[in-house]
Amino acid sequence: MTTQTDLPVLLPFTLGSSATPRRKACLLRPATWCSILVVAALAGAATANASASAAIVSGVIPTMWKWAPLVLQGFAFNLLVSVLSMAIGTLAGLFLGLAQVSLYGPVRRTSWLATQFFRNAPWLVLLFYCMYLLPFEIEIFGLTILLPAWCKAVIGLSLPVMANVAEIVRGGIQSIPLTQWESAEALAFSRRQTIWMIILPQCLKRMAPPWMNLYAILTMATTLVSLVGVQESMTMTRAALVAEARTDLFIPMYMMLLALFALYCYPIARWTQRLERKFAVRD
Amino acid sequence: MLKSVARLASLVACAATCFAPGAIAQDTFAKVKERGTIVVGVKNDYKPWGFLEPSGKIVGMEIDLVDDIAGRLGVKAELVPVTSANRMEFLNQGRIDLIVATMGDNPARREVIGMIEPPYYAGGSNVLAHRSAGLTEWADLKDRRVCAVEGAYFNRRVTKLYAPELITFPAVPEAMNALRGGNCIAFLFDATLIESTLAEGSPEWQDFEMPLVTEDPQAWAIGIRKDDLSSPFGEFLRKLSEDWHASGTLLALEEKWGIKSSPFLQELHDKYKTQ
């Protein structure tokens, strides 16, 4: 009698089949995904309009089309915020992660504390702190630097990104076998050389998938900045709803926003999965 | 939760500004002229006072007032969309020079910022409700589910007096959608917005009404930093505000934006006309 399983060791051996069923079931094909979105959008629009008159129904698509440029503009701003926060967070996180494997106790402990603090604080609370604690203008040597709200939002979002990247870097470094360190030592590499030339290059491929995952999460979290008064796609959608003053638009408009984020983040998720699979086989 | 975080953050921010007095020491009047722009905090989600056009431009009655201020100063107006939760922080941080954003004048706010008198409008609170809810007086709200918007000044008063079960939303569209979805029996908000919603005659609101007597009139005033109150900048805005009433500018704008004519504006018009 055979039992259901996806463990390769329990399955009959066949030549050339390396992919396990579990992996195949992981993700839907892009075409399937797109059709799900379209159906969901239509369903949302349909329920919203169920009670409204036919005249209103016919106006939904043109109205959404009318506001689409503005929402897209807001969405582009979300992407800008996500890219900037990711860049700043990655750079800062790299050093924070390296500090966590430092040979000096105080450096190691301080960086560990900072990482734990920013990693476990709610993103929105960090945003609030940055918005209201950072000044609007900074004067350095008589030079006035303006710090508009969206810059503060970028800083606010890059803090948790920094802490998460630090953990990714630390985990990556610690996943490299100790023998690599020992061999480097034997070949007279300094510690700095070992890290930058031997350990980090090997970590890169292991760190890429979680890093991309983090980016996708960050992109979706950029809508949080609407809560601290920065104008982005979420605020634009809301303002459009106010200007139209029609509740039947509510669900379709937010569905449009959802679709934008899903269409942007989904390829990242797929790519991440592909990288994971690729590296998993080689390791 | 969110509001308490915001409140905590604003407290901390107030404390922080005490230690950074140099940032806004310069007179706003001179600063605006030198810069060539006046930065104004406005609403972009409050029809017909300040709302968006599909082009991305903010328009509305308050925007017309801002344009008048900028025109008389001979500078350009830069509009910064603000919310009820962040406008006073933005002002005190120096990010904006003044607030023209449907802001009610009350003692608690006067502790933090300065208010220009005379006010340019007065709003009151009321509810939008389905006819079948059968509301006739404010006391009918007791223990019923009422939708509201976070940060609105009348939320606290209404909760205290009439004890409804208040469900708050981040913005007007969400709250109105919840009302239509039957999540609450009424939507508590500013009477002008409810009036203009009903006046549009859209079929989706034909079964709804504004059943109660508008209560708690609140004057809407231009907000400036406290130290600007006694400066030429504050003086200029006070004079301008009086002129708006005397010349009938506000009455004309009210009609232009389809706002139900308010006795308050008429009263002030008569008062300043004779002076």
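Leaving aside its neighbours within four places in sequence, with which residues is L98(B) in contact? In this predicted model, local features need pLDDT of at least 70 and side-chain atom pairs count only at pLDDT 80 or more, while totals for chains, interfaces and linings use all residues. Residues are numbered from 1 along each chain as its sequence is written, chains are lettered from A and ligands numbered from 1 in the order in which they are written, and side-chain values use heavy atoms, with hydrogens and water left out.

Contact is taken as heavy atoms within 4.5 Å. With neighbours within four places in sequence set aside, L98(B) is in contact with I38(B), V39(B), V40(B), G41(B), I69(B), L91(B), I222(B), G223(B), I224(B), F233(B) and L237(B). A nonpolar core is a set of buried Ala, Val, Leu, Ile, Met, Phe, Trp, Tyr and Cys residues joined through side-chain atoms within 4.5 Å. Buried stands for under 20% relative accessible area, exposed for over 50%, and partly exposed for values in between (1.4 Å probe, protein chains only). The largest nonpolar core has 88 residues, and I38(B), I69(B), L98(B) and F187(B) touch the most other members. At least three residues of this core come from each of domain 1 (27–120 + 221–269) and domain 2 (124–217) of chain B. Another core, of 55 residues, lies apart from it and includes A149(A), M207(A), V225(A) and I96(B).

The division of chain B into domain 1 (27–120 + 221–269) and domain 2 (124–217) follows bounds from an automatic or database domain assignment. The centres of the two domains of chain B, taken over C-alpha atoms, are separated by 26 Å. To their contact, domain 1 of chain B gives 8 residues and domain 2 of chain B gives 9 residues. Buried area is the accessible area (1.4 Å probe) that two parts lose on being put together, summed over both. Between domain 1 and domain 2 of chain B it is about 740 Å², with 56% given by carbon and sulfur atoms. On the side of domain 1 of chain B, the residues that lose the most area to domain 2 are Y46(B), K47(B) and K260(B), which together account for 48% of what that side buries.

Helices (H or I, at least four residues) and strands (E, at least two) are DSSP runs, numbered from the N terminus. Two strands pair if DSSP finds at least two bridges between them. Strand β11 (residues 186–190) of chain B has 5 of its 5 residues buried, so this strand is largely enclosed by the rest of the structure. β8(B) and β11(B) run antiparallel and are joined by 5 bridges, with A129(B) opposite A186(B). β9(B) and β11(B) run parallel and are joined by 2 bridges, and here C147(B) stands opposite F187(B).

An open sheet of 3 strands in chain B has the order β2-β3-β4, with antiparallel pairing. Its edge strands, β2 and β4 (58–59) of chain B, each pair on one side only. The antiparallel pairing of β2(B) with β3(B) extends over 2 bridges, and Y46(B) stands opposite G50(B) in β3(B). The loop between β2 (45–46) and β3 (50–52) of chain B holds P48(B), and the peptide bond from K47(B) to P48(B) is cis, with omega near -5°. A cis peptide bond also joins E117(B) and P118(B), with omega about 0°; P118(B) is in the loop between β7 (114–115) and β8 (121–130) of chain B.

Most residues other than glycine have a negative phi, and most peptide bonds are trans. D143(B), in the loop between β8 and β9 (145–149) of chain B, has a positive phi near 65° and is exposed, with a relative accessible area of 58%. In chain A, A188(A) has a positive phi near 70°. A188(A) is found in the loop between α7 (178–186) and α8 (191–221) and is exposed, at a relative accessible area of 66%.

Between the chains, 39 residues of chain B are in contact with 33 residues of chain A. The area buried between chain B and chain A is about 3000 Å², and carbon and sulfur atoms give 65% of this area. L52(B), P54(B) and Q93(B) supply 18% of the area that chain B buries against chain A, more than any other three residues.
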